[in-house]
Amino acid sequence: MKKFDIRKIRVRKVSVDELDDRMLLINLYMTQALTLIIGLIWVLFQRQNIIHLFHIPQNLQFVWWGLGLAGAVVAVDLLISRWVPEEAGDDGGVNDRIFRLRPVWHIAVISFIVAVCEEMLFRGAIQHSIGAYWTSIVFAAIHVRYLKHWIPTGLVFSISYGLGWIYTMTDTLWAPIIAHFMIDFIMGLIIRFRREQE
């Protein structure tokens, strides 16, 4: 039986163009599963009640907070993309590869999974520990593909801070989940149908 030698493992940078569609989706879903697991463990160590974290309040005002933030983010993003060169917002083609050929239902599924997993970790766990400002710095750093350009990095930080703010204002994780879902879903649809017209 061969022994496993950790020194033989080689790590190299892989561009999004080197991944086929199946591998890209596996990577996406695996990172979201890992995000959710880390978030759940963190919340349990904080001794928070997970059921309370996902409790839907009687007052549906949180829906308007989520939709309002999503509308503002999409409007700002569309304005910026109108005047800022495409290279300044380049994410290495990741979003384009994820959304451009997906059916609408799959864009919705991806957007929902990402929203729930990331909000569970960032708003539900990390923000509880270090506050909205530092959580937003971590959130921007995690979205490493944007760090090459200051405009998308600033946008990601601002969006994260907005998500943290509406979480604080509504005291429910569903407000940032709705906002995050709508932002990703609308931007995914824009990518999908813009590419179809080209």
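Reader: How does H3 pass H6, in a left-handed or a right-handed crossing?

Author: Right-handed. Keep in mind that this is a predicted model.

Reader: At what angle do the axes of H3 and H6 cross?

Author: Roughly 165°. H3 covers residues 61-83 and H6 covers residues 150-170, and their axes come within 10 Å. Angles over 145 degrees count as roughly antiparallel, so H3 is roughly antiparallel to H6.

Reader: Which residues of H3 and H6 make the contact?

Author: From H3, Phe62, Trp65, Gly66, Leu69, Val73, Val76, Asp77 and Ile80. From H6, Ile151, Leu155, Ile159, Gly162, Leu163, Trp165, Ile166, Met169 and Thr170.

Reader: How do the residues of that contact divide into nonpolar, polar and charged?

Author: There are 13 nonpolar, three polar and one charged.

Reader: Let's zoom out. How many helices and strands does the protein chain have?

Author: Seven helices and zero strands. Along the sequence the pattern reads α-α-α-α-α-α-α.

Reader: And what share of the residues is buried?

Author: Buried residues are 41% of the 198 in the protein chain.

Reader: What about contacts in the chain, how many join residues at least 24 apart?

Author: 79%, counting contacts between residues at least 6 apart in sequence.

Reader: On to H1. What should its 25 residues span, and how far apart are the end C-alpha atoms?

Author: H1 runs over residues 21-45. At 1.5 Å a residue it should span 36 Å. The end C-alpha atoms are 36 Å apart, so the two agree.

Reader: Which residues of H1 are buried?

Author: Leu24, Leu25, Leu28, Gln32, Thr35, Gly39 and Val43.

Reader: Why do residues three or four places apart point the same way in an α-helix?

Author: Because an α-helix has 3.6 residues a turn.

Reader: Which helices do the buried residues of H1 pack against?

Author: Against H2 (50-53), H4 (94-99) and H5 (104-142).

Reader: Take H1 and H5, then. At what angle do their axes cross?

Author: Roughly 30°, and the axes come within 9 Å. Angles under 35 degrees count as roughly parallel, so H1 is roughly parallel to H5.

Reader: Is the crossing of H1 and H5 left-handed or right-handed?

Author: Left-handed. The residues of the H1 contact with H5 divide into 17 nonpolar, six polar and one charged.

Reader: What follows H1?

Author: Arg47 follows H1, and its phi is positive, near 60°.

Reader: Now Leu40. Where is its place?

Author: In helix H1. Leu40 has a relative accessible area of 27%, so it is partly exposed.

Reader: What is Leu40 in contact with, leaving aside neighbours within four places in sequence?

Author: Ile50 and Met120.

Reader: How far apart are Leu40 and Ile50?

Author: 10 residues in sequence. In space, 7.9 Å from C-alpha to C-alpha.

Reader: Last topic: Thr172. Where does it sit?

Author: In the loop between H6 and helix H7, which is 174-197.

Reader: Why does Thr172 count as buried?

Author: Because its relative accessibility is 1%, and buried means under 20%.

Reader: What does Thr172 touch, not counting residues up to four places away in sequence?

Author: His55, Pro57, Phe62 and Tyr167.

Methods:
Residues are numbered from 1 along each chain as its sequence is written. This is a predicted model: local features need pLDDT of at least 70, side-chain atom pairs count only at pLDDT 80 or more; totals for chains, interfaces and linings use all residues. Side-chain values use heavy atoms; hydrogens and water are left out. Axes are lines fitted to C-alpha atoms, for helices over the stretch in contact, and angles run from 0 to 180 degrees between N-to-C directions. Helices (H or I, at least four residues) and strands (E, at least two) are DSSP runs, numbered from the N terminus. Angles under 35 degrees count as roughly parallel, over 145 as roughly antiparallel, 65 to 115 as roughly perpendicular and the rest as oblique. A crossing is left-handed if the near helix is turned anticlockwise from the far one by less than a right angle, and right-handed if clockwise. Contact means heavy atoms within 4.5 Å. Ala, Val, Leu, Ile, Met, Phe, Trp, Tyr, Cys and Pro count as nonpolar, Asp, Glu, Lys and Arg as charged, and the others, Gly among them, as polar. The expected span of a helix is 1.5 Å times one less than its number of residues. Buried means under 20% relative accessible area, exposed over 50%, partly exposed in between (1.4 Å probe, protein chains only).
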